[in-house]
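My notes follow in the order in which I went through them.

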Amino acid sequence: MKTERVVYDDKIVRWFAGASIIWGLIGMLVGVTVALQLAAWQTNLPPYLSFGRLRPLHTNAVIFAFVGNMIFAGIYYSTQRLLKTRLANDKLSWFHFWGWQSIIVGATVTLPLGITTSKEYAELEWPIDIMIAVVWVAFAINFFWTLAKRREKQLYVALWFYIATIVTITVLHVVNSLAIPYSAFGSYSVFGGVQDALVQWWYGHNAVAFFLTTPILGIMYYFLPKAVDRPVFSYRLSIVHFWGLVFIYIWAGPHHLLYTSLPEWAQTVGMVFSLMLWAPSWGGMINGLLTLRGAWDKLRTDPVLKFFAAGVTFYGMSTFEGPLLSIKAVNGLAHYTDWIVGHVHSGTLGWNGFFAAGMFYWLYPRLWGTKLYSEKAANYHFWIATVGILLYVVSMWVSGITQGLMWRAVNEDTGALQYTFIETVVAMKPMYWTRMTGGTLYFIGYCMLAWNVYMTAKQGSPVETVVEVPVEPKPENELSWVALVFGKPALVAYGTVAAVIAIGFVSGAMSIAALVVALGIAIGGAYSIVKGKKDGKPAWHAVLEGRALIFTVLTVVAVLVGGIAELIPLVVTTNEDTRLTSNVPYTALELHGRDVYISEGCYTCHSQQVRPFEWETARYGNRVSTIDDSIFDHPFQWGSKRTGPDLAHEGGLRPDSWHWRHMIDPRAVTPDSIMPNYPHLVEDRVNLDQTEAKMRAMRTVGVPYTVDQIHSGLEDARVDGQRIADNLREEAQIEAAPDSKMVALIAYLQRLGRIPTAVAQADEAAEEFAEDAEELAEARLAESANDTTDPEGGR
């Protein structure tokens, strides 16, 4: 058979692997720093190195710099070998590399400067969002171009997960990043309030799914069998794992918004699909662990297998805990607490971090043609990191459950809340020190990895992999795309999807019947998809694996169904709510203050959503949050963590001077507070010249500012700023600049929970009541004066 010489491009793999390790050390160091800032508030160094600004830098560095570069190294290395061809275009590969590093540098500069959108895992502003889109498209072109020129027809399971990652992240990023700019580094999301909440967590949950899970699963399916020198345990299980995961995952985002203002139907959909995730997720875990069958003895000495086995185990733990946390009874206790932080880090440190370590320890000797410099150090790394993870996760479990119980504790004698919020914060401090200790140990372990792989590379030299690949003729009489897309197995899959969607539109016995039908079709369909034919011909899915374009299209369909079914109904109904709301937009100064709140990262510690629990309304204002409260918030500010108290109804509870003192030195008003100081807000000025541009951008996204309001916005902001400055002088002899960021922030905080029209209506109703009461009193006095009834008899 004719062969062709292929030289794999491993240089790009080496660079991505090195970048991953360097950025990983930086991201973990920032993580240890923010953990220390929670344990010891004095370590905050405002304005640039305070918790609110460093926390999003930590998440972006670890997710997109550390794990992102690791993913690209693993994909580029395995794809070439699975397809038996070199990457399609070297220039695209290097554009991808340098473009991605430029994005990370942009994040490293802008986030500490307070330039952020506040959207979880999508904090980067619109110019960098555009860079992400361009670089990701270059990556996609290079990958699919390589698929098109492949010399191995069948797509191995790892490639399925790579395909799902690329197409889904494209959709998620584009939709969630839609915004209207008002300046070179400022913009407002096109979605607002509950609409933005759903879009954000549709993105946020699936960024975890399709950036931190599916590509790592693809890497697992390639590197784990390589490391153990055995095939994957079950090909059929991998099929069920893949299609179950990509279809179900996309629906589960609303479980991040249980008990909020999100409509009940969306919350229920998110919870149900989250519970369904148990099956495919654990199918993948079982497939990974059983691939180690017959090689468990090697775990005693082989650090690579240690990391891989522990990583798959952490994947199983995280994917068990995630659906557990989506059950409403559990979520009511855990949401906004440190339990969620522990859950996230068990996945990122245990699943992503351990698999990255295993991959690097396996990959570096092969990329440099030598042995691993020190297996002993790698084994020490494993045990140090394992202890670090356990300290971190267990401390956050204890902290989170304690928080949830203390928040809801009620005094049996008085019926009042048992603990103030600050008492719950004080109770967490030992756990914050424990978390920092665990994170430090994990960081030390990765420093050991960096030294070990550096020494490995130093003792070897870069390897150029050359292989002779058979050139096979193009097969004849292939099954047509119509027969694939509309074949019996495909129709069964479509029927399953239709039955699942029907569950959301029926109730009672009909919904149960639809669920039974969906499960029945799914089980029968899975069998028909993977079983071979009696005549010896390949199964339908085996044929599909040889048709990359059709496979990709069906993957896109599986992903889009859930997103469209969830997002479109809420977008339509929320637009109607905007026309019917009694709320009014923020004033110009309040809008500036809201941008200060976002810039300082206040959203990382405070929520703005009161849930329908008696203990929560008793603590935060005796009123449950509604869709109306945040309808003009672009983006929404419901938050996901309460290191500090909820602020949904903060407006009017305290005088302006209290907020001033609180921002200058939180300990002056709350002695045990762990909040950073913000003295720079006194000197920093709001750019009032941007007022009109901001209001016009908000009007473009649907906020009903009138032309007159926009034109008078600058003057209105100055007048409101002067009013607050006068209040501060009268209340506490505080001299404040009317255009300072502190004054703008106070204006925003005093607005929260106070809809001006509702306040005016309440004042008017109170005046009318007073007038009616006065008239009634006068009438009764007149009646008494004319009364001739015998007082002894009474009336």
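**Conventions.** I am working with a predicted model, in which local features need pLDDT of at least 70 and side-chain atom pairs count only at pLDDT 80 or more, while totals for chains, interfaces and linings use all residues. Residues are numbered from 1 along each chain as its sequence is written, and side-chain values use heavy atoms, with hydrogens and water left out. Helices (H or I, at least four residues) and strands (E, at least two) are DSSP runs, numbered from the N terminus.

**Entry 1, α1 against α13.** I began with how two packed helices are described, which is by the angle between their axes and the distance between the axes. For helix α1 (residues 11–39) and helix α13 (residues 338–367), I noted axes that come within 11 Å and cross at roughly 140 degrees. That makes α1 oblique to α13; angles under 35 degrees count as roughly parallel, over 145 as roughly antiparallel, 65 to 115 as roughly perpendicular and the rest as oblique. The axes are lines fitted to C-alpha atoms, for helices over the stretch in contact, and the angles run from 0 to 180 degrees between N-to-C directions. From α1, Val13, Arg14, Ala17, Gly18, Ser20 and Ile21 meet Phe360, Leu363, Tyr364 and Leu367 of α13, where contact means heavy atoms within 4.5 Å. I sorted the residues of this contact into seven nonpolar, two polar and one charged, with Ala, Val, Leu, Ile, Met, Phe, Trp, Tyr, Cys and Pro counted as nonpolar, Asp, Glu, Lys and Arg as charged, and the others, Gly among them, as polar.

The axes of α13 and α15 come within 11 Å and cross at roughly 10 degrees, which makes α13 roughly parallel to α15. On the α13 side, I found among the meeting residues Asp338, Val341, Phe360 and Tyr364, and on the α15 side, among others, Met428, Arg435, Tyr442 and Thr456. The residues of this contact divide into 15 nonpolar, three polar and two charged.

I placed Trp433 in helix α15 (residues 421–459), and at 39% relative accessibility Trp433 counts as partly exposed; buried means under 20% relative accessible area, exposed over 50%, and partly exposed in between (1.4 Å probe, protein chains only). Leaving aside neighbours within four places in sequence, Trp433 is in contact with Leu36, Ala39 and Ala40. From Trp433 to Ala39, the C-alpha atoms are 5.6 Å apart in space, although the two residues are 394 apart in sequence.

I found His634 in the loop between α22 and α23, buried at a relative accessible area of 4%. Not counting residues up to four places away in sequence, His634 touches several residues, including Tyr188, Gly192, Arg594 and Met698. A polar atom of the His634 side chain lies 2.9 Å from the backbone oxygen of Ser189, and one lies 3.0 Å from the backbone oxygen of Phe191. His634 and Phe191 are 443 residues apart in sequence, yet 6.2 Å apart in space, C-alpha to C-alpha. I also noted a cis peptide bond joining His634 and Pro635, with omega about 0 degrees.

Glu650 is in the loop between α22 (614–620) and α23 (656–664), and it is buried, with a relative accessible area of 7%. Its side chain makes a polar contact with the side chain of Arg654 (2.5 Å); such a contact is a pair of N or O atoms within 3.5 Å, and within protein one must be able to donate a hydrogen and the other to accept it, with residues adjacent in sequence counting only if both atoms are side-chain atoms. Apart from neighbours within four places in sequence, Glu650 is in contact with His659, Leu749, Gln750 and Leu752. I then turned to helix α28 (residues 741–751), where 10 of the 11 residues are buried, so α28 is largely enclosed by the rest of the structure.

Most residues other than glycine have a negative phi, and most peptide bonds are trans. I noted a cis peptide bond between Pro46 and Pro47, with omega about 5 degrees. Lys84 has a positive phi near 55 degrees, and Tyr259 a positive phi of about 65 degrees.
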